[in-house]
Amino acid sequence: MSIPMNKSLLALCAALFSLFLWIAATVPSVGAQQPDQKPKQPPTQDQRGERVFDNNCARCHRPPMTIPPQATGTVIMHMRVRARLSSQEEKDLLYYLAP
Amino acid sequence: MKTKIVLACCLLLCVLRADAQGSDTAEANAQGADTESTHAGYVPVVSGSMGYVYNVNGSIPTLEPQINPVLLIPFGSHVLFESRTDFTGIFEHRNGTSGDYTGKVYKTVEFVQLDWLASTHVVPVAGRYLLPFGLYAERLDPLWIANLQDIPLDFSIGTQTTGAGVGPQLRGVAVETPDLNLQYTAYYSVHNNVTQLQSSRTAGSDVSVYFNSARVELGTSYQRFLDSSRINNVNRQVDNEAVYLTWQPIPSTLDVKAEFDHSYTGRGYWIEGYSMLSSVPVATNFFRRMQLVGRDEQFVPLHGGGNGLPGIEEKRVEGGFNYYIRDDWRLISSYGRQFNSGRNFNLWNLGFTYRFVWPLGREKKSQ
């Protein structure tokens, strides 16, 4: 069986890549902020923590909601290194997972 | 030369952004007052995953019990020692497809590293670390995270020779705005022959940008393999490159990932996606825990392949269902078909995974 991988396949990959980008840029995600007439309230720390989880942790894995509270600080230190989180994101995530 | 330029650029970004850190934090605080978390401080933790996979590759069944404990020892809130060791048993029929099962357990120290969480922009790491190349090696490989248990065909690109490097590493957030995050990693690894800590001389970097509102991440990895590779009777220093994309239109529910890798000895791509079946209108309690997974991938050898990569063209299509009994217990199942110029064969995986987090020591509030 021949499985050619030539310029046309590379072009297809590039086209798919572009398609993903176009869709991502034009389709609002679930949870993305919609236009609102009311003045915006600043997000609470819990909301910021949830956003940090969705924007960082959820890129790789599903929510681990069974972390013992004693371990949360250390686990999030580990994840700050692994997921390259900022120090503010670490604080928000800590509050979200161990309020 | 390329490597030096990439490393220099990463360092320059760190320096340029270092003075902005204070203002970023102040801005975040202004958005909403921070409240002290009730977490119990920083105590040593043993976490990790264990699992048992019944794998059939072609017609050869293999039993694979695995456990990968991760030891985390914090020193205050800014220094962390972490280490992961993998114990994987490979047991096959004594005569291939008949007879009793026999085999052995393989032990691998995957990383032993010291992290200094100096600032948002610079986190120095030293020790033996996982090579940050592409999406899979550092992020998707853990047993409890991997949606499909078979690693991609082109996994060896950028992870030669042991998947780990020994030396210094810098990582962090170069740019953080409400719209996007630019994250980077730069590393240099020495050649090391110490048992369980073997590594090759490499240098490289990984840069990714994440667009918050679109939930799209675009990234690229570059690695210069500085140990000479013997390819076609010629010593070569090999460049490895990857570009990747992740997209979570609905976080933790719908996910798409794709990666293209290139090396002197081959190139390949994989596209993987999963969807939680929470929108199935019947038996919702059952289906919201069910995950449908699929992956398509292809690899083409160049210059004869080798260096841990297949020597012939390969294509694989895989699909499966995972069922989350709880967020830490998961039943896994998958079926795949692999095509190559020699023969086509089936791949089956059945088993379970379990993620554990065990705090050690007494609770103590850190200041």
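## Basis and confidence

Residues are numbered from 1 along each chain as its sequence is written, while chains are lettered from A and ligands numbered from 1 in the order in which they are written. Because the model is predicted, local features need pLDDT of at least 70 and side-chain atom pairs count only at pLDDT 80 or more, whereas totals for chains, interfaces and linings use all residues.

The model scores ipTM 0.85 and pTM 0.83. Two residues are in contact if their C-beta atoms, placed from the backbone, lie within 7 Å.

## Composition of the chains

Helices (H or I, at least four residues) and strands (E, at least two) are DSSP runs, numbered from the N terminus. Chain A contains four helices and zero strands, in the order α-α-α-α from the N terminus on. Chain B has four helices and 16 strands.

A residue is buried if 20 or more other C-beta atoms lie within 10 Å of its own, exposed if 12 or fewer, and partly exposed in between, with C-beta atoms placed from the backbone. Of the 99 residues in chain A, 39% are buried; of the 367 residues in chain B, 39% are buried. Among contacts between residues at least 6 apart in sequence, those joining residues at least 24 apart amount to 67% in chain A and 57% in chain B.

## Helices of chain A

Helix 4 (87–97) of chain A is largely enclosed by the rest of the structure, because 11 of its 11 residues are buried. The buried residues of helix 4 of chain A include the charged residues Glu89(A), Glu90(A), Lys91(A) and Asp92(A). Leu93(A), Leu94(A), Tyr95(A), Tyr96(A) and Leu97(A) are also among the buried residues of this helix.

Helix 3 (residues 69–83) of chain A and helix 4 of chain A have axes that come within 10 Å and cross at roughly 140 degrees. Axes here are lines fitted to C-alpha atoms, for helices over the stretch in contact, and angles run from 0 to 180 degrees between N-to-C directions. The crossing is right-handed, a crossing being left-handed if the near helix is turned anticlockwise from the far one by less than a right angle, and right-handed if clockwise. Thr72(A), Gly73(A), Ile76(A) and Arg80(A) of helix 3 meet Glu90(A), Leu93(A), Leu94(A) and Leu97(A) of helix 4. By class, this contact has four nonpolar, two polar and two charged residues. Ala, Val, Leu, Ile, Met, Phe, Trp, Tyr, Cys and Pro count as nonpolar, Asp, Glu, Lys and Arg as charged, and the others, Gly among them, as polar.

Helix 2 (residues 45–55) of chain A has Gln45(A), Arg48(A), Gly49(A), Val52(A), Asp54(A) and Asn55(A) as its buried residues. The cover over these residues includes helix 4 of chain A and strand 8 (202–211) of chain B.

## Paired strands of chain B

Two strands pair if DSSP finds at least two bridges between them. Strand 11 (residues 254–263) of chain B pairs with strand 12 of chain B in the antiparallel sense over 10 bridges, and the two strands form a hairpin with two residues between them. In this pairing, Asp255(B) stands opposite Tyr274(B) of strand 12. Strand 12 (residues 266–276) of chain B is largely enclosed by the rest of the structure, since eight of its 11 residues are buried.

Strand 12 of chain B is also joined to strand 13 (residues 290–301) of chain B by 11 bridges, and these strands run antiparallel. The bridge partner of Trp270(B) in strand 13 is Glu297(B). Strand 13 of chain B pairs in turn with strand 14 (residues 314–324) of chain B, antiparallel over 10 bridges, where Asp296(B) stands opposite Val317(B). Strand 14 of chain B and strand 15 (residues 329–340) of chain B are antiparallel over 11 bridges and form a hairpin with four residues between them; Gly320(B) stands opposite Ser334(B) in strand 15.

## An exposed position in chain B

Arg230(B) lies in strand 9 (residues 216–231) of chain B. This arginine is exposed, with 10 other C-beta atoms within 10 Å. Arg230(B) and Ile312(B) are 82 residues apart in sequence, and their C-alpha atoms are 19 Å apart in space.
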